[in-house]
Amino acid sequence: MHLSLLTAFKAAHLRLLLVSSSGSCSCSPVDSHLSERAALTSCLQVSPDRSQFFKYGTIVMSCEDQLNSTGWKVKRKTLEGGIRPCASSWGSASSGSTCIIRNAYPSDTGVYWCESEDGARSNAINITISDRQVLLESPALPVSEGAAVTLLCKAESHSVIHTFDFHKDGHSVGSSSTGELTIHSASKSDEGLYTCSIPGVGESVGSWVAVKGSLTPSASAPPTGTCSVSVFRLVCHLVVGAPYLLSTILLGLIYRDRNRAARMIAKRRGSNDVIMEIAV
């Protein structure tokens, strides 16, 4: 029952949390409450770089922040313990923003992130501590589109030669005698929930592989002087057309004043001619 609850917890939260996070320490917010500053300056990294671990292993997590690494702490949310910072009934803090879990246990399965003193958060990573006989090692952080990705299927016992079967979203994607499945150029279509199995031994829990799209010219920031959004386009047109509009209005006013002055001069001259005729 304990294992089934942990598995259900992972299955319910894995897609939401890992797809939302960004990777490779160019972190983007994992929810609407994250500040832009946090997204750009802090990132949770896991060593070894994977999201699944066997029981009793050691996990090192650190908050990478170029501005103030001592201002961040590793926190987690687990099914049993709720939200707690490192060194409060779990893990041990080391060198400020580094947290170490020794002798990891399935109860350590959960979502981990870095949090600053003012409540800003970094990316989130879903970590699973498995008590199964088979483990699937995959990157803890999303991989960049076009990068090579290697998934490693491992048995807790290495006494015999195995055949390793890999599945994505419940469909077979290949077998291997080495335990490795390599995606040579990752794309969004490779994103999904991966598992591996060893006949006669067992199957791993699922591991979500997220692919981070690369920026294209159309997705990047618009060049200076152009506006892609209709509101900005309208503002741009107004800014560009304002000088012409102002100059047109100014010329119109000057022309009107000149005509008015000319009419007044002509009127005065007519009055003087009348006076001269009367005098004669």
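The stops that follow concern salt bridges in this predicted model.

**Overview.** How many salt bridges does the count come to? The count comes to seven, and several of them are visited here.

**First selection: Asp 108 and Arg 76.** Select these two residues and display the contact between their side chains. They form a salt bridge, with an N to O distance of 2.7 Å. Colour the chain by secondary structure to see that the pair links distant parts of the chain, 32 residues apart. Arg 76 belongs to strand S4 (residues 72–78), whereas Asp 108 lies in the loop between strand S7 (98–101) and strand S8 (110–116). Are these two residues buried or exposed? Both Asp 108 and Arg 76 are buried.

**Next selection: Arg 121 and Glu 115.** Here the side chains meet in a salt bridge at 3.4 Å, N to O. Glu 115 has a relative accessible area of 13% and is therefore buried, the cut-off being under 20%. Arg 121, by contrast, is partly exposed, because its relative accessible area is 26%, a value between the cut-offs of 20% and 50%.

**Next selection: Lys 168 and Asp 169.** The closest N and O atoms of this salt bridge are 3.2 Å apart. Lys 168 is buried, with a relative accessible area of 17%. Asp 169 is partly exposed, with a value of 38%.

Select the three residues together. Salt bridges with shared partners join Arg 50, Glu 137 and Lys 154 into one network.

Conventions: Residues numbered from 1 in each chain as written. Predicted model: local features only at pLDDT ≥ 70, side-chain atom pairs only at ≥ 80, totals over all residues. Heavy atoms only, no water. Salt bridge = Lys/Arg side-chain N within 4 Å of Asp/Glu carboxyl O. Helix = DSSP H or I, 4+ residues; strand = E, 2+ residues; numbered from the N terminus. Buried < 20%, exposed > 50% of the residue type's maximum accessible area, 1.4 Å probe, protein only.
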